[in-house]
Amino acid sequence: MEFQCAVMCRLCLSKNDCFFSIFLVNKKCGYIPAIVISELLAVQVSETDGYPHVICLPCLDKLTDYKSFKEQCLAARSNFDKSFNSSSLLQGTVRVLPI
Ligand SMILES: [Zn+2]
C-alpha cells in the first residue's frame, strides 16, 4: 500500500486541510514538533526518513499537552527532591487506600 505522504498527518494519517511542519518552530506552540515526537515515541525523526513532514492540528495539540504534562512531572519531581530529603520521607506515614 502506498500513501501520499505529503498530504497526510505523520501521526494519525488524517488528510486535513491544515497541517504544520514538524521541522520548524511552531508559532502556535513555540517548539519544534519533531523533537517532541522523537521524545514521545523514542524514535529518530529526520527529514530524510520517508515519513510525512507535517502533522494535523489535533496531533499538534496532543503533542503540546504531552510536552506540558512531561514538564509538569519533571518539575514536580525536582521540587519534591528539593523539598524533602530522604530522612524526612521516612518520618511521615502514608496511608494507602484500598482500591
Ligand atoms: Zn494527526
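**View 1. The annotated binding-site cysteines.** The UniProt annotation "binding site", from an unreviewed entry, covers C9, C12, C56 and C59; UniProt positions are given in the numbering used here, feature names are shortened, and annotations may be inferred rather than shown by experiment. These four residues span 51 residues in sequence, yet no two of their C-alpha atoms are more than 8.3 Å apart, so they gather at one spot. The structure is a predicted model, in which local features need pLDDT of at least 70, side-chain atom pairs count only at pLDDT 80 or more, and totals for chains, interfaces and linings use all residues. Residues are numbered from 1 along each chain as its sequence is written.

View 2. C9 lies in the segment before β1 (19-21), whereas C56 is found in strand β2. Helices (H or I, at least four residues) and strands (E, at least two) are DSSP runs, numbered from the N terminus. C9 counts as buried because it has 21 C-beta neighbours inside 10 Å. C56 is also buried, with 21 other C-beta atoms within 10 Å. The classes are set as follows: a residue is buried if 20 or more other C-beta atoms lie within 10 Å of its own, exposed if 12 or fewer, and partly exposed in between, with C-beta atoms placed from the backbone. Leaving aside neighbours within four places in sequence, C9 is in contact with S14, N16, F19, P52, V54, I55, C56 and C59. With that exclusion, the contacts of C56 are C9, C12, S14, N16 and F19. Two residues are in contact if their C-beta atoms, placed from the backbone, lie within 7 Å.

**View 3. The largest nonpolar core.** This core has 11 residues: C9, L11, F19, I22, V36, V54, I55, C56, C59, L60 and L63. β2 (54-56) and α2 (57-83) each supply at least two residues of the core. A nonpolar core is a set of buried Ala, Val, Leu, Ile, Met, Phe, Trp, Tyr and Cys residues joined through C-beta atoms within 7 Å. In soluble globular proteins, nonpolar side chains tend to be buried together. Beyond four places in sequence, V54 is in contact with C9, R10, F19, F20, S21 and I22.

**View 4. Helix α2.** The 27 residues of α2 should span 39 Å at 1.5 Å a residue, and the end C-alpha atoms of α2 are 38 Å apart, which agrees. The expected span of a helix is 1.5 Å times one less than its number of residues. Within α2, C59, L60 and L63 are buried. The buried residues of this helix pack against β1, α1 and β2. T64, also found in helix α2, is partly exposed, with 17 other C-beta atoms within 10 Å. T64 and K28 are 36 residues apart along the chain, and their C-alpha atoms are separated by 9.7 Å.

**View 5. H53 in the loop between α1 and β2.** H53 is placed in the loop between α1 and β2. H53 is partly exposed, with 17 other C-beta atoms within 10 Å. Although H53 and F20 are 33 residues apart along the chain, their C-alpha atoms are separated by 8.3 Å. Leaving aside neighbours within four places in sequence, H53 is in contact with S21, I22, F23 and E47.

View 6. Phi of L13 is near 65°, a positive value in a residue other than glycine. L13 is found in the segment before β1 and is exposed, with 11 other C-beta atoms within 10 Å. A42, likewise not a glycine, has a positive phi near 55°. A42 has its place in the loop between α1 (33-41) and β2 and counts as exposed, with 6 C-beta neighbours inside 10 Å.

**View 7. The whole chain and its confidence.** The protein chain contains 3 helices and 2 strands, and from the N terminus on its elements run β-α-β-α-α. Buried residues make up 14% of the 99 residues in the chain. Among contacts between residues at least 6 apart in sequence, 66% join residues at least 24 apart. The mean pLDDT of the chain, where pLDDT is the predictor's confidence in each residue from 0 to 100, is 85, and 85% of its residues reach 70 or more. Confidence is lowest in helix α3 (residues 86-91), at a mean of 56, and highest in β2, at 94. Over residues 1-5 pLDDT stays under 50, and the model has 3 contacts beyond four places in sequence for these residues.
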